[in-house]
Amino acid sequence: VQMLEDRLPWVFGAGDPDSFQQRFAASLAFLERLERLCHNVSQVENLRAQPCYVHFLSKWNLAIYFQIRFQEIAAQLETSLIQPSQRSKGDEFFLLCHEMLWSALRRCWDEDVFLPPLSHRFWKLTLQLLARHRGWLEQYVARTTSAREEPAAGPEAGDSEDGMSCDASLDLANPQGAVLLVMLHCDTQKAASMLGSLLTDTVQPRLQRTGFTDFELLQGGLDECSQLLTSLGPSISARLVSDVARTCCLQLKMVSDIPRLYRRTNRELPSKPSGYVQQILMPLASLKDLAMQNSSLIWDPEWTTSVLEEVTKQYMTVTKDVLVSVKKMEDSLKRLKRARDRTPLPEGAA
């Protein structure tokens, strides 16, 4: 150990995390071979208690190594959250933000990253990544909802600053608005369902080598994370329904123009619906057709029902307001006519 310190001090440096991981893993493998030469557990314990053994392990700056890996893995996820509409390059998810989450989770336990003495820290990082992604998604949906509720302040006020406009085209390659929300919903539910395999396929094989056995405890933690992710489904669905219904209801502005089109004109009574009626549900129909054409996208029938209920409610409200307005106008004209009939003509008037 002393010769290593004197002649090869750079061996213990964590500046290059890849090389550090390889050197430390090789050192652990060497120590394990030494321990296998012992005849019983007592001899192994005595070997591990030797000052040179303890000193050798203490020379490795594992805290610095983990900090470098932490920044590397966390930055990978944070970068993907800046542009949530960016499409995934793989087949597991639609959006890059979910693909990078899953990649970061597996990266913690990769053979060229994981080190047994840092098991507890990598497990904590796993939970932190899940919490960060869930917190971002929760804030993202809430933030865009608040932005949509603010009053219009200009000619482009219908578009939210983060690209969540309902007027965006239905483009799977560059998802915006309702399409993005459908993908977020699908990816979130899929990520929640995949957390079970993360433990059995990725985490458990690494921890078994360290002698860890209480996997039920870890499973409980991942189950809770899965439930928290799943619980975001209703808020994303509500945001989706609100956006689609809002777009559909834009056509309802035409209802107030109907009295003006027929008041004091010789137009014939309409025999077919107005043109805007056929356009009201086009945003919903187009979005649903797009989802149905893509076998990976899951369209929830409750979205259709909720949008129809909201549009119908708004349609009835607007129609009622127009009828009340027309009734008030007619009553006002009748009162004016009666008042005019009761007013005597001035003398000399023809």
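Which residues gather in a patch of positive charge on the surface? Select Lys334, Arg335, Arg338 and Arg342, which form this patch. In such patches, residues have over 30% relative accessible area and no salt bridge, and like charges are joined within 9 Å, whereas nonpolar side chains (Val, Leu, Ile, Met, Phe, Trp, Tyr) are joined within 5 Å. Lys and Arg count as positive and Asp and Glu as negative, while His and the chain ends are not counted. The place of a charge is taken as NZ of Lys, CZ of Arg, CG of Asp or CD of Glu.

Before going on, note that this is a predicted model, in which local features need pLDDT of at least 70 and side-chain atom pairs count only at pLDDT 80 or more, while totals for chains, interfaces and linings use all residues. Residues are numbered from 1 along each chain as its sequence is written, and side-chain values use heavy atoms, with hydrogens and water left out.

**Helix 14**

Lys334 lies in helix 14 (residues 301-342). Helices (H or I, at least four residues) and strands (E, at least two) are DSSP runs, numbered from the N terminus. Met329 is also found in helix 14. Select Met329 together with Leu333 and Leu336 to see a nonpolar surface patch of about 260 Å²; accessible areas come from the Shrake-Rupley method with a 1.4 Å probe, and for residues only the protein chains shown count as cover. Met329 is partly exposed, at a relative accessible area of 38% (buried means under 20%, exposed over 50%, partly exposed in between).

**The whole chain**

Now colour by secondary structure: the chain has 14 helices and zero strands. Of its 350 residues, 36% are buried.

**Helix 6**

Next, select residues 96-107, which make up helix 6. Of its 12 residues, 10 are buried, among them Trp102 and Arg107.

**Salt bridges**

The structure holds eight salt bridges (a side-chain nitrogen of Lys or Arg within 4 Å of a carboxyl oxygen of Asp or Glu). Select Glu92 and Arg106, whose closest N and O atoms are 3.5 Å apart. Glu92 lies in the loop between helix 5 (62-82) and helix 6, and Arg106 in helix 6, so this pair ties together parts that are 14 residues apart in sequence.

Finally, select Arg107, which forms a salt bridge with Asp110 (3.6 Å, N to O) and another with Asp112 (3.5 Å, N to O).

Methods: The expected span of a helix is 1.5 Å times one less than its number of residues. Buried means under 20% relative accessible area, exposed over 50%, partly exposed in between (1.4 Å probe, protein chains only).
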